[in-house]
Amino acid sequence: MRDVPFKVYDTTLGSRLLLGTAQYPSPAVLAAAVKASGAEVVTVSLRREAGANRAGESFWTLIRELGVRVLPNTAGCRSVKEAVTTAEMAREVFATDWIKLEVIGDDDLLQPDVFGLVEAAEILVRAGFKVFPYTTEDLRVAERLVGAGCEVLMPWGAPIGSGRGLNNVFGLQALRKNFPATPLIIDAGIGTPAHAAAAMELGYDAILLNTAVAKAGDPVTMARAFALGIEAGRLAYSADPILPRDMAEPSTPQIGRAFSDLPKRA
Amino acid sequence: MQIHVNGKAHEVAATTLAALLAELDYHDKLVATAVNQTFVRATDRPATPLKPGDAVEILVPRQGG
């Protein structure tokens with residue numbers, strides 16, 4: 001079966017993996033991991049400069065040299081005002097109207113504040129942003145976000161950085177079923193390529209992850225492993241997998257089996 | 001006058017946001033600015049006055065997830 005291209009906001013992407021740029025052991029490992037992953041989009045942030053070493057400048061030079069598209073985030077913002085202001089600042093610095101919108105509502109689980117998220121999304125869409133909302137699998141919230149003008153949804157698999165995989169497979173399936181035409185990207189909680197493949201097999205369009213690659217013992221190899229896992233999962237989805245059964249069914253034909261005329265049990 | 005820059009108190013001579021960036025050696029850097037949690041475009045910095053107690057954010061590109 002021929003797969004359809006992955007498209008978000010009229011941009012067609014060749015890779016279904018979006019990669020975060022934080023927590024790598026070094027800038028060189030980050031650059032090698034991005035290349036190994038095949039990702040065409042990486043997430044970035046805005047922060048206060050720490051010290052006089054111009055780390056921000058060298059980081060931005062490195063990203064530009066990779067030739068990838070950037071998706072700035074509003075990570076850590078805890079109010080609508082903070083998120084909207086951060087998005088406006090990011091648009092100017094990164095020269096893109098794409099924004100990964102995070103409004104965090106809980107310190108322990110970094111759960112999205114979905115009420116603030118919808119409000120901020122409405123403001124940002126009106127201001128011309130292309131919003132990528134970090135949300136939950138809640139159907140009503142998804143409906144509000146799409147209604148606000150979000151053309152992509154990014155539900156969490158599990159809490160950010162937890163590596164727990166897909167906490168609510170049933171909920172994610174329901175979201176996929178209810179929004180068949182909206183690109184859905186799992187954002188957060190992925191720990192292994194198996195988790196990513198499982199999400200792709202559910203029909204999700206792409207995976208956004210960071211910690212699982214950056215904090216792996218060998219981030220570059222893990223980046224490649226995720227690329228393969230995501231491709232495998234997508235291929236499997238497009239190939240229409242069999243459904244689980246309660247009973248075994250022999251795969252080898254029974255007709256012509258030797259001794260088939262003997263009683264089943266001695 | 002005293003203002004806050006990135007959460008820290010600063011005694012500054014600058015009376016505009018553009019002058020503050022020059023005073024703090026940010027004038028040739030790629031930064032985004034906000035005053036009292038409101039975004040200020042680069043083109044608006046020369047005409048953005050500062051007053052005592054203002055909270056200025058000066059942000060640079062960094063790694064993100």
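Modeller: We begin with pLDDT, the predictor's confidence in each residue, from 0 to 100. This is a predicted model, in which local features need pLDDT of at least 70 and side-chain atom pairs count only at pLDDT 80 or more, while totals for chains, interfaces and linings use all residues. Residues are numbered from 1 along each chain as its sequence is written, chains are lettered from A and ligands numbered from 1 in the order in which they are written, and side-chain values use heavy atoms, with hydrogens and water left out.

Colleague: How do you know what confidence chain B carries, and where is it lowest?

Modeller: The mean pLDDT of chain B is 95, and 100% of its residues reach 70 or more. Strands (E, at least two residues) and helices (H or I, at least four) are DSSP runs, numbered from the N terminus. In chain B, confidence is lowest in strand S2 (residues 8-11), with a mean of 94, and highest in strand S4 (residues 38-40), with 97. The model as a whole scores ipTM 0.95 and pTM 0.93.

Colleague: Why is the meeting of A:Glu49 and B:Lys29 called a salt bridge?

Modeller: The term requires a side-chain nitrogen of Lys or Arg within 4 Å of a carboxyl oxygen of Asp or Glu. The N to O distance between A:Glu49 and B:Lys29 is 2.7 Å, so the pair qualifies.

Colleague: What makes A:Glu122 and A:Arg144 a link between distant parts of the chain?

Modeller: Their side chains meet in a salt bridge at 3.6 Å, N to O. A:Glu122 lies in helix H4 (residues 114-126) of chain A and A:Arg144 in helix H5 (residues 139-148) of chain A, 22 residues apart.

Colleague: How do you know that strand S4 (residues 41-48) of chain A pairs with S5(B)?

Modeller: Two strands pair if DSSP finds at least two bridges between them. These strands share 5 bridges in the antiparallel sense, so they meet the rule. One bridge partner in S5(B) is B:Pro61, which faces A:Leu46.

Colleague: Why are S6 and S8 of chain A described as standing at the edges?

Modeller: In chain A, 3 strands form an open sheet in the order S6-S7-S8, with parallel pairing. Strand S6 (98-101) and strand S8 (154-155) each have a single partner strand, so one side of each is left without a neighbour in the sheet.
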